[in-house]
Amino acid sequence: MMAIRELKVCLLGVQAPTILVLAQLLGGRTFLHFLWNVLPWLLRLMLCVWREEDTGVGKSSIVCRFVQDHFDHNISPTIGASFMTKTVPCGNELHKFLIWDTAGQERFHSLAPMYYRGSAAAVIVYDITKQDSFHTLKKWVKELKEHGPENIVMAIAGNKCDLSDIREVPLKDAKEYAESIGAIVVETSAKNAINIEELFQGISRQIPPLDPQENGNTGAIKLVKPTAPASRRCC
Ligand SMILES: Nc1nc2c(ncn2[C@@H]2O[C@H](COP(=O)(O)OP(=O)(O)OP(=O)(O)O)[C@@H](O)[C@H]2O)c(=O)[nH]1
């Protein structure tokens, strides 16, 4: 007899919220003054936003590698969220990951609670080549601690480790931070399939095993061998 447990997992992570930083810089100016001084900034901002919306930290790519063992260089940015599942063995149990891949663009931030609420685990992804994405990760951790489920397992994924020659975030920093918040940390490459399985195995290991005393209410479904159907008699 093997128990299958459904584990809701959400992936969070975004590049630096440039719009917010700029909005703070612009505060309190008159409109003409604003236009005169800020137009060059705005042009730069538009380029920046375009660039940032174009390159995420790699959440969808991690999910795609984990579930389909596939990597797409031209993957489109997620709109809202996307959903995939994968079942993996863990000891005497099967863990069915119900994975919510959230959109990284700042305009979708307010939707995130829908996905982390009720989650057994959250994977917070940053890009090792973007220091800003590591700062943003800390904001996600704060939000999860304040508003997320009490016993949520937190896993930090430093993605794009295939680009370590242009790294901005030292692994040591990530390890120290993860230790300080009791999170799992691993550097991944969705592109080269590095540590993707290990990331989810690490989450599985952190999920407490089912209490055999509990009946129902655990989200677990017991799989049992079907018994032979009762023989039917004719007449
Ligand atoms: N070199 C490298 N590039 C990667 C890796 N993972 C993702 N990318 C690239 O990074 C870009 C963004 O990847 P996505 O998976 O869409 O990132 P995301 O975080 O889901 O982005 P949003 O959906 O906008 O939140 C794409 O061009 C990917 O091909 C990786 O491990 N290494």
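Modeller: T78 touches S60, D101, T102, A103, Q105 and F108, leaving aside its neighbours within four places in sequence. Contact means heavy atoms within 4.5 Å.

Colleague: What should I know about the model itself?

Modeller: It is a predicted model: local features need pLDDT of at least 70, side-chain atom pairs count only at pLDDT 80 or more, and totals for chains, interfaces and linings use all residues. Residues are numbered from 1 along each chain as its sequence is written, and side-chain values use heavy atoms, with hydrogens and water left out.

Colleague: Where is T78, then?

Modeller: In the loop between α3 (59-68) and β2 (81-90). Helices (H or I, at least four residues) and strands (E, at least two) are DSSP runs, numbered from the N terminus.

Colleague: Is T78 buried or exposed?

Modeller: Buried, with a relative accessible area of 14%. The cut-offs are under 20% for buried, over 50% for exposed and partly exposed in between, with a 1.4 Å probe and protein chains only.

Colleague: Switching to helices, at what angle do α3 and α7 pack?

Modeller: About 85 degrees, with the axes of α3 and α7 (residues 196-206) 9 Å apart. Axes are lines fitted to C-alpha atoms, for helices over the stretch in contact, and angles run from 0 to 180 degrees between N-to-C directions.

Colleague: Which residues make the contact?

Modeller: I62, R65 and F66 of α3 meet I196, E197, L199 and F200 of α7.

Colleague: And which residues of α7 are buried?

Modeller: I196, L199, F200, G202, I203 and S204.
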